[in-house]
Amino acid sequence: MAKKKPLLKAEAERESVCGDLITRWLGLAGILLSAALFLFNQDSAQIKITVFYAAVFGAFAFWLSDIFERRANIFSARNLALLFPFALYFLYTVISFFLHPYILARLGSLIRFLAYSALFVTVIFSFNNKRASKFIKYVLAAAWVVSLYGAVQILDRYLLPGIDVFKWTDFFRERIFSTIANPNFLADFCLFSFFAALGTFLSKPSKSLAALMILLVLNIAFTLSKGAWLALAAGLALFGFIYFNCFSEKYKYHRLKYNLIISAVLLIAVLASGIFTVKRMQSVNFRLSTWRSAAEMIEAKPVFGMGKGSFRYIYTAYKRPEIFYMEGLHNGETQHAENYLLEQTCELGIVGLGLFLLLLIWQSLAFLNRLKEVASSPQKRNDALLLLTCFTAPAVIYIHNLVDVSVYFISTAYFLTVFNGILFVLNFGPLEESSSREAKEPSRGKIFKALYFIFAAFVLFIICLLAREFYEMSSPALKDKAFYFYFYWFFFIISVGFEAWVFLSRAWRLRRPASLLIFTFAAILSYLSFQPFRSDFYTAAGAGLAGRSNPAAPSYYYKALRLNPFSPSLYQFSGIVFQNRADLSKKNRPYEGDEPEGLFNDYDRALKAYKKSLSLIPNDTMIHYNLGALYHDMAKASARRGNMKEAQEYYNLSEASLKRSLLLDPVYDNAYYQLANIALEHNDYRLAANWVNLYIQGPEEVSNPLYIAKHRNDPKAQNHLRGIKAAGGL
């Protein structure tokens with residue numbers, strides 16, 4: 001067995017270069033991730049998801065290739081001991097993923113979890129105190145961009161209407177969202193950015209940092225997010241309590257006063273949020289109803305849960321009728337439990353929750369131990385402030401997400417992962433690495449140079465593919481909006497060009513030909529990460545065409561499905577378009593997804609799409625409703641052709657699907673009307689009236705008089721009932 005030795009000086013220098021590169025790479029990605037605007041509207045975050053994956057794949061490739069180049073051994077006893085709780089949580093999550101249903105529908109959540117894990121590993125092996133401080137500077141730069149646009153939105157809403165030129169400006173009415181897509185998500189971004197700014201300010205005070213903190217607090221205030229206000233107060237209390245009680249002897253004789261002030265601030269924040277909550281009780285009731293359903297999900301499978309990413313697909317079977325009134329929608333809008341710990345327990349069970357809490361305790365205890373070492377020393381004050389900053393930033397995210405879902409948004413999760421990695425490094429110090437004496441540095445011969453030029457050609461080929469695909473996407477959508485066209489092309493060229501340049505320049509520094517394979521895989525994965533962005537574009541384009549009754553809409557949905565074949569919602573949207581177009585002539589349209597052999601009409605295509613969607617998520621109420629409506633249309637078409645036996649079969653299928661839909665959503669009026677119409681078509685007026693009466697009475701499990709009144713006073717239902725009674729002589 002080869003003996004181990006510390007890193008050689010040249011190797012250490014090269015590792016330093018790689019670590020600095022990773023810091024810059026992740027920092028710039030954080031700015032782009034935060035500042036990237038949206039393709040069609042404020043709610044399209046796929047551009048951010050693409051940036052996230054490209055950033056992670058690149059950073060992980062830099063680190064892994066560097067480890068491979070140096071033949072470094074990272075599996076020391078100390079490393080394994082420190083990482084044991086993280087490895088246990090990782091293995092449990094991955095293994096349990098494959099032991100639960102809906103694997104294909106949930107696949108995206110596993111891929112994202114693996115990406116977060118790769119990002120965490122990259123950070124803990126690449127960062128140190130200096131790089132952590134540098135990364136925080138990138139966070140502050142991103143915070144400036146986000147908070148300044150947030151300030152523009154504040155002016156637009158309250159002082160200078162029209163100053164915000166973007167078309168999504170009033171999407172959330174009086175609430176601002178800046179470049180982060182949602183007011184609550186913006187609040188989360190501003191929360192951890194605020195504490196990054198606060199720690200930096202205490203280390204090196206400046207007017208610009210003070211101004212930034214004021215802007216961030218203003219942004220948080222105008223998101224009108226009660227949970228964010230409470231999280232800010234709790235974060236300030238946590239930060240202040242540790243700072244005034246642990247940092248310096250000069251606060252020794254005034255600690256009681258500071259602690260009382262901190263407690264008063266926290267109490268005032270709680271009272272203010274309580275007063276505001278009374279004025280907006282619906283959001284509170286929404287969360288309480290969601291938490292009750294989540295608790296029932298946990299009760300069903302308490303030990304091992306229902307699998308990573310399963311909440312959004314299984315929750316529909318537990319969803320309370322009140323939620324449909326609050327959302328004003330009858331689809332699967334709710335995708336998370338509005339409480340991170342509850343959702344962890346739903347998906348991973350008590351075992352998974354315990355492992356997650358073990359990670360929090362592991363990091364917290366290590367933080368306290370490390371704080372004792374550095375907080376009392378004036379020479380280490382900056383290190384102590386950095387440690388406190390990187391502890392408070394993720395802590396405030398977790399606090400906020402006890403009543404929110406922002407942690408699942410890509411920018412929040414990105415910074416949370418990086419801060420957790422930095423905190424690990426600051427808590428435990430750099431992880432050990434050693435290299436073998438036999439690991440000689442190879443020279444770059446002709447074989448390596450030839451392989452490098454092949455790799456460079458491959459990267460250029462991918463760039464050409466990306467450019468062609470982006471042009472195909474953007475030109476038809478943005479041709480009437482020159483500003484958007486040039487805006488997106490500019491950032492696309494800058495981003496792709498920068499990534500390619502970094503890949504090629506870093507690859508040239510390699511010595512081992514096999515290391516190029518790592519870069520090749522990273523380049524391929526970066527290209528693949530662009531495909532969901534294309535799918536999102538084609539979905540939006542298809543929806544726009546469908547809204548204008550353009551017959552080309554299905555072809556765009558088919559393009560989206562080819563890029564994202566495991567999306568239940570895409571199959572459902574595609575089916576709706578086919579059902580609404582209702583071209584019953586038998587044709588073969590491969591550009592709409594028809595199989596090579598056979599002739600199909602739009603009802604055939606819609607049925608295929610709905611069944612595919614149901615195979616992925618059987619408990620979606622709208623799929624069952626749409627399938628029931630489709631069977632109803634097919635029954636009427638068969639009746640018009642005189643084929644009554646076939647028509648009755650479709651009627652039976654329609655009733656079964658509509659009743660299944662009502663089990664999941666007993667609020668949806670159209671499902672009752674469809675069943676009433678089926679009864680009318682069979683001349684059963686009494687049954688038709690009964691279905692409408694069931695809707696007017698409202699679900700038994702709903703007791704809120706305001707919700708029941710919506711049924712009792714629904715003019716459409718009353719008119720429908722009067723028409724049925726008149727026609728049937730009831």
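## Close-up views of a predicted model

**View 1. A buried pair, D66 and R506.** Both D66 and R506 are buried. This is a predicted model, and here it puts the two side chains together in a salt bridge, with 3.3 Å between the closest N and O atoms. The partners come from distant parts of the chain: D66 sits in helix 2 (residues 46-70) and R506 in helix 17 (residues 482-508), 440 residues apart. As a bit of background, side chains of opposite charge can pair when their charged atoms come close. The count of salt bridges comes to 20.

**View 2. The whole chain, before we zoom in again.** Let's step back for a moment. The protein chain has 28 helices and 3 strands. It runs to 730 residues, and 54% of them count as buried. Take the contacts with a separation of 6 or more: 73% of them are between residues 24 or more positions apart.

**View 3. R320 meets E296.** Here's another salt bridge, this time between the side chains of R320 and E296, at 2.8 Å from N to O. R320 is in the loop between helix 11 (311-314) and helix 12 (321-327), while E296 is in helix 10 (residues 281-300), and the two are 24 residues apart. E296, with a relative accessible area of 30%, is partly exposed.

**View 4. R534 and E469 tie two helices together.** R534 and E469 form a salt bridge, and their closest N and O atoms are 3.4 Å apart. R534 belongs to helix 19 (residues 531-547) and E469 to helix 16 (residues 446-478), so this pair ties together parts 65 residues apart in sequence. R534 is buried, at a relative accessible area of 11%. E469 is buried too, at 3%.

View 5. R581, D583, R589, E592, D594, D602 and R605 are linked by salt bridges into a network. Now look at D604, which is found in helix 22 (residues 602-616). D604 has a relative accessible area of 24%, so it is partly exposed. Setting aside neighbours within four places in sequence, D604 is in contact with K586 and L599. L584 is 20 residues from D604 in sequence, and their C-alpha atoms are 8.8 Å apart.

**View 6. T392, tucked away in helix 14.** T392 is found in helix 14 (residues 381-400). Its relative accessible area is 0%, so T392 is buried. What touches it? Leaving out neighbours within four places in sequence, T392 is in contact with F195, G235 and F239. G199 is 193 residues away from T392 in sequence, yet the C-alpha to C-alpha distance is 9.5 Å.

**View 7. Two patches on the surface.** R24, K130, K134, K137 and K204 gather on the surface as a patch of positive charge. Helix 5 (residues 129-158) gives the largest share of this patch, 3 residues. K204 is in the loop between helix 6 (183-203) and helix 7 (207-222), and it counts as exposed at 65% relative accessibility. The other patch is nonpolar: L155, Y158, L159, L160 and I163 together have about 460 Å² of accessible area. One of them, L159, lies in the loop between helix 5 and helix 6 and counts as exposed, at 63% relative accessibility.

Terms used:
Residues are numbered from 1 along each chain as its sequence is written. This is a predicted model: local features need pLDDT of at least 70, side-chain atom pairs count only at pLDDT 80 or more; totals for chains, interfaces and linings use all residues. Side-chain values use heavy atoms; hydrogens and water are left out. Patches are made of residues with over 30% relative accessible area and no salt bridge: like charges are joined within 9 Å, nonpolar side chains (Val, Leu, Ile, Met, Phe, Trp, Tyr) within 5 Å. Accessible areas come from the Shrake-Rupley method with a 1.4 Å probe; for residues, only the protein chains shown count as cover. A salt bridge is a side-chain nitrogen of Lys or Arg within 4 Å of a carboxyl oxygen of Asp or Glu. Lys and Arg count as positive and Asp and Glu as negative; His and the chain ends are not counted. The place of a charge is taken as NZ of Lys, CZ of Arg, CG of Asp or CD of Glu. Helices (H or I, at least four residues) and strands (E, at least two) are DSSP runs, numbered from the N terminus. Buried means under 20% relative accessible area, exposed over 50%, partly exposed in between (1.4 Å probe, protein chains only). Contact means heavy atoms within 4.5 Å.
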